[in-house]
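Trainee: I am new to this structure and would like to work through it step by step. Could we look at it together, one question at a time?

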Amino acid sequence: MRKNLLANILDAPVSEPSTDVARRGAARSMTRSIEEMAENTRRMSHGEAIVGLDPGLVDASFVSDRIDEDDEDYARLRDAIAEHGQSTPILVRPHPERDGRFMIVYGHRRVRVARELGREVRAVVKTIEDIAHIVAQGQENAARANLSFIEKALFARKLSGMGQSKATIKAALTVDDTLLSRMLSVAETVPGPVIDALGAARGVGRDRWEELKKLVAFPAKAELAREVVQSADFLAKDGPERFGHLLAAIKAGRRPQVRRNLEPQAVTWAAPDRSVEATCRRSGKSFSLSLTAKDAGAFGEYIASHLEELYGAFQEARIRDRPGE
C-alpha cells in the first residue's frame with residue numbers, strides 16, 4: 001500500500017508556485033491584447049470615412065522607421081498618383097499635442113507626394129493611443145515599404161528607448177524574441193556614424209550585419225570602421241558596395257590610405273540623413289562644388305536660385321569681419 005502511494009505521488013504532476021502561474025498568465029494576457037490590437041490595426045482604415053486633408057496640416061509620426069528614401073520607388077509612386085490619383089488613403093490621428101493638426105500613422109510618402117503636387121491627401125482620421133499607433137505604423141510599413149534589416153533594428157531600438165514593451169515592439173515588427181534580441185544587439189553595438197554612412201543597406205540581411213557587429217565589438221575595430229566610412233574610397237562606392245568594402249577593410253585591418261594629392265584637396269560634407277553629400281575643391285581662382293545623393297538636384301537648384309542672396313550675405317560678413325571696421 002505504501003509503495004503504491006509513493007508511486008502515485010511520484011507520477012503526479014508538479015504544481016507551479018502560484019506567483020509563477022499568475023506572472024505567466026499576465027504575460028499571456030498582455031501578448032493576447034497586443035495581438036488583438038495588431039489585428040485591429042490591420043482593419044483600421046476599412047469601412048471608415050475618408051476625408052481630404054491639407055498636407056500642410058499633417059506632421060510626421062513621433063517615431064521614424066526609415067533611414068533614407070528609395071528615389072526610384074518614390075518617383076514611381078509620385079507618377080502613379082499624378083496620373084491616376086491616390087488610390088489608398090493614409091492613416092492619421094489628431095495630433096496629441098497640437099490642436100488642429102494631424103500626425104501620420106502611416107503614409108509619409110503619400111503625404112510628400114501630395115505636397116509636391118499641391119493636392120489634398122486622402123486620409124482616414126482615427127483617434128488612437130501611442131501603442132496602437134506604433135503597431136499600425138510598424139506593420140503597415142514593414143509590409144508595404146520593404147524596410148531593410150537595419151531600418152527595422154533602429155526602429156526597434158527607438159521604441160525600446162521610448163520605454164515600449166517587448167510585446168509592443170514584436171507586434172509592430174512581427175518578429176519573435178530571438179530576432180528582436182539580435183536586432184537590438186546590432187543597433188546598439190555598431191557605431192552610429194557607421195550605420196549612418198551605410199544607410200538603409202537594402203539587400204544586406206541579418207547575417208552580414210551580425211558579422212559586422214562581431215567585428216566592431218572590439219574598440220580598435222570600431223575605431224577603424226569609423227575611419228573607413230569617412231575615406232574617399234568608401235564614399236566613392238554605391239550603397240550596396242560600401243558594406244562589402246567596409247567588411248573587407250576591417251577584416252584586413254587596413255587603415256584608409258592618406259593620398260598625396262597633386263590635385264587640389266577636396267573637402268567633403270554630408271547632411272545628417274545622408275540625403276545630400278557635397279565635395280568642394282579650390283584651385284587658384286576656381287572653386288567647384290559637386291552634390292550627390294537623393295536630394296542633390298533639389299538642393300543644387302535651391303542654391304542656384306539664391307546665389308544673389310548668398311553673395312550679399314557673404315559680402316556683409318566679409319565687411320563685418322575686417323579689422324578696424
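Trainee: Which are the buried residues of helix 4 (residues 108–117)?

Mentor: Please keep in mind that this is a predicted model. A residue is called buried when its relative accessible area is under 20%. By that cut-off, the buried residues of helix 4 are Arg 109, Arg 110, Val 111, Val 113 and Ala 114.

Trainee: On which strands of the sheet does helix 4 pack?

Mentor: The sheet in question is an open one of five strands, with mixed pairing and the order 1-5-3-4-2. Its edge strands are strand 1 (51–53) and strand 2 (58–59), each of which pairs on one side only. Helix 4 packs on this sheet, its direction making about 125 degrees with that of strand 4 (102–106), and the strands touched are strand 2, strand 3, strand 4 and strand 5.

Trainee: What is the bridge partner of Ile 90 in strand 5?

Mentor: Strand 3 (residues 90–94) and strand 5 (residues 121–125) run parallel and are joined by three bridges. In strand 5, the residue that partners Ile 90 is Ala 123.

Trainee: Which residues does Leu 246 touch, not counting residues up to four places away in sequence?

Mentor: With residues up to four places away in sequence left out, Leu 246 touches Val 194, Leu 198, Leu 212, Ala 225, Val 228, Val 229 and Phe 234.

Trainee: Is Glu 277 buried or exposed?

Mentor: Glu 277 has its place in strand 7 (residues 277–283). Not counting residues up to four places away in sequence, Glu 277 touches Arg 242, Trp 269, Ala 270, Ser 290, Leu 291, Thr 292 and Ala 293. Because its relative accessible area is 15%, Glu 277 counts as buried.

Trainee: What percentage of the residues in the chain do buried residues make up?

Mentor: The secondary structure of the chain comes to 15 helices and eight strands, and the chain exposes about 20,100 Å². Of its 325 residues, the buried ones make up 34%.

Notes:
Residues numbered from 1 in each chain as written. Predicted model: local features only at pLDDT ≥ 70, side-chain atom pairs only at ≥ 80, totals over all residues. Heavy atoms only, no water. Contact = heavy atoms within 4.5 Å. Buried < 20%, exposed > 50% of the residue type's maximum accessible area, 1.4 Å probe, protein only. Helix = DSSP H or I, 4+ residues; strand = E, 2+ residues; numbered from the N terminus. Areas by Shrake-Rupley, 256 points an atom, 1.4 Å probe, with all protein chains shown as cover. Pairing = 2+ DSSP bridges. Axes fitted to C-alpha atoms, helices over the stretch in contact; angles between N-to-C directions.
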